[in-house]
Amino acid sequence: MVSVPRLVIAAPASGSGKTTVATGLMAAFAERGLAVSPHKVGPDYIDPGYHALATGRPGRNLDAYMCGPGLVAPLFAHGSSGCDLAVVEGVMGLYDGASGQGELASTAQVSKLLRAPVVLVVDASSQSRSVAALVHGFASWDPEVRIGGVILNKVASDRHESLLREALDESGLPVLGVLRRAPQVATPSRHLGLVPVAERQTDAVDAVRAMGDRVREGCDLDALLALARSAPALPDEAWEPEPLPSPGVRPVVAVAGGAAFTFAYAEHAELLTAAGAEVVVFDPLHDEKLPAGTAGLVIGGGFPEVYAPELSANEPLRRAVTDLARSGAPVAAECAGLLYLARELDGRPMCGVLDASARMSDRLTLGYRQAVAVSDSVLAVAGTRLRGHEFHRTVLEPGAGETPAWGLHQPERRVEGFVQGGVHASYLHTHWAAEPGVARRFVEQCRG
């Protein structure tokens, strides 16, 4: 049984203030001495970095599309084990999910899978009595979604607050917090959302502290904690990466990190470790060598386009990566990793493992994908089906090698990525908890 107190922070629409409230709550409760488990609905990699900064624990994603609804509660139980409180930040509007698939992957669905009360963050800047109709509509749309209270954001004055509270008195839902209009907390954005924590450590610490201060001053933390404690126990067992009975030799798997490669799910490293690997993180911006004894390489997502000059200038590491790939060692690259392995990025030399050229684009490629492995690779045998997510503003030419990595079936049919020797490189982000055999296969390939 999972009995961790929990809250889901949702909103009628994006831009309402979910991230400020969720991160601020995490920081405020952590400051009280509570062990707070941070979670994010959907595939987003950036918000969990701020959550981790606020709580001192890994930010974890709960994605009912990529992992399936059945894994949401077990993954939540795994991440929140031993904690006093879990705070789950929603995605988009409360009822928005995978396009054309009903409630799938929505915040509402996750709240039901977790049997967690929802706190609705409402941008009240341009309304007064109408807020009651808005809240009533969201609270009554799905009777299985339990909205336990409202936090009003961008409230202009005492008079405005009074009008809003009076209107909401009729809704029967308590106002659990009021945040006044204020200059935006310094969380700068760019082409793929917020700037990751790893790129602005000092400023990010200040931003998280400011969010915590705003929430502490404007919200009833005791009432919010009481609401979290009203969540019933979950019958689900916690997900755990299954360890090999006798791992024998532990091959070194180098995992790219640092400011240029910040997109990673915490479960991936856990799965690699359970499969018998020694996971060592390195920074392609600064390290001129791969970790000693590297037998396999994982390069996840991030922002190589922002750091193209620095990545290109680190010629010793580029040569080391190229030599490793050409030796036939297993290399798994997603999105940013794909670009790093290309011949060039925006005209700057990269590793040259793949005969492809990448450049920035005005077009955002974004969305969930259904994928099937086209051929055998270090990650999967041909025919393996996974669900993934694309999220980039770059174009790679060609977009697929002679042996593509994936056949995609949503929204259009196409092949994508490269399987070349021991290299598997693709734009597609995947969550290995959905198919633990991926990590086990990769580590076995590293053993040779």
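Let's start inside a sheet, where Leu297 stands opposite Val331 of strand E13. Keep in mind as you look around that this is a predicted model. The strand pair to find here is E12, residues 294-299, and E13, residues 331-334: the two run parallel and are joined by 3 bridges.

Helix H11, residues 315-326, packs on it and touches E11, E12, E13 and strand E21 (423-426). The direction of H11 makes about 110° with that of E12. Helix H13, residues 437-447, also packs on the sheet, and its contacts are with strand E10 (252-256), E12 and E13. For H13, the angle with the direction of E12 is about 145°.

Reading across, the strand order is E11-E10-E12-E13-E21-E20, which gives an open sheet of 6 strands with mixed pairing. At its edges are strand E11 (278-282) and strand E20 (418-420), each of which pairs on one side only. From one strand to the next, the twist averages 15°. As a reminder, strands of a sheet pair through backbone hydrogen bonds, in either a parallel or an antiparallel way.

Is Gly296 buried or exposed? Its relative accessible area is 0%, so Gly296 counts as buried. Which residues is Gly296 in contact with, leaving aside its neighbours within four places in sequence? They are Val252, Val253, Ala254, Pro330, Phe442 and Cys446.

Finally, let's move to a pair of helices. Two packed helices are described by the angle between their axes and by the distance between those axes. Helix H5 (residues 130-141) packs with helix H6 (residues 158-169) at an angle of about 45°, and their axes are 8 Å apart. That angle is why H5 is described as oblique to H6. The crossing in which H5 passes H6 is right-handed. If you zoom in on the contact, you will find Val131, Ala132 and Val135 on the H5 side, meeting Leu164, Ala167 and Leu168 of H6. Sorted by class, this contact of H5 with H6 has 6 nonpolar residues, with no polar and no charged ones.

Technical notes:
Residues numbered from 1 in each chain as written. Predicted model: local features only at pLDDT ≥ 70, side-chain atom pairs only at ≥ 80, totals over all residues. Heavy atoms only, no water. Axes fitted to C-alpha atoms, helices over the stretch in contact; angles between N-to-C directions. Helix = DSSP H or I, 4+ residues; strand = E, 2+ residues; numbered from the N terminus. Parallel < 35°, antiparallel > 145°, perpendicular 65-115°, else oblique. Left-handed = near helix turned anticlockwise from the far one by under 90°. Contact = heavy atoms within 4.5 Å. Nonpolar A, V, L, I, M, F, W, Y, C, P; charged D, E, K, R; others polar. Pairing = 2+ DSSP bridges. Buried < 20%, exposed > 50% of the residue type's maximum accessible area, 1.4 Å probe, protein only.
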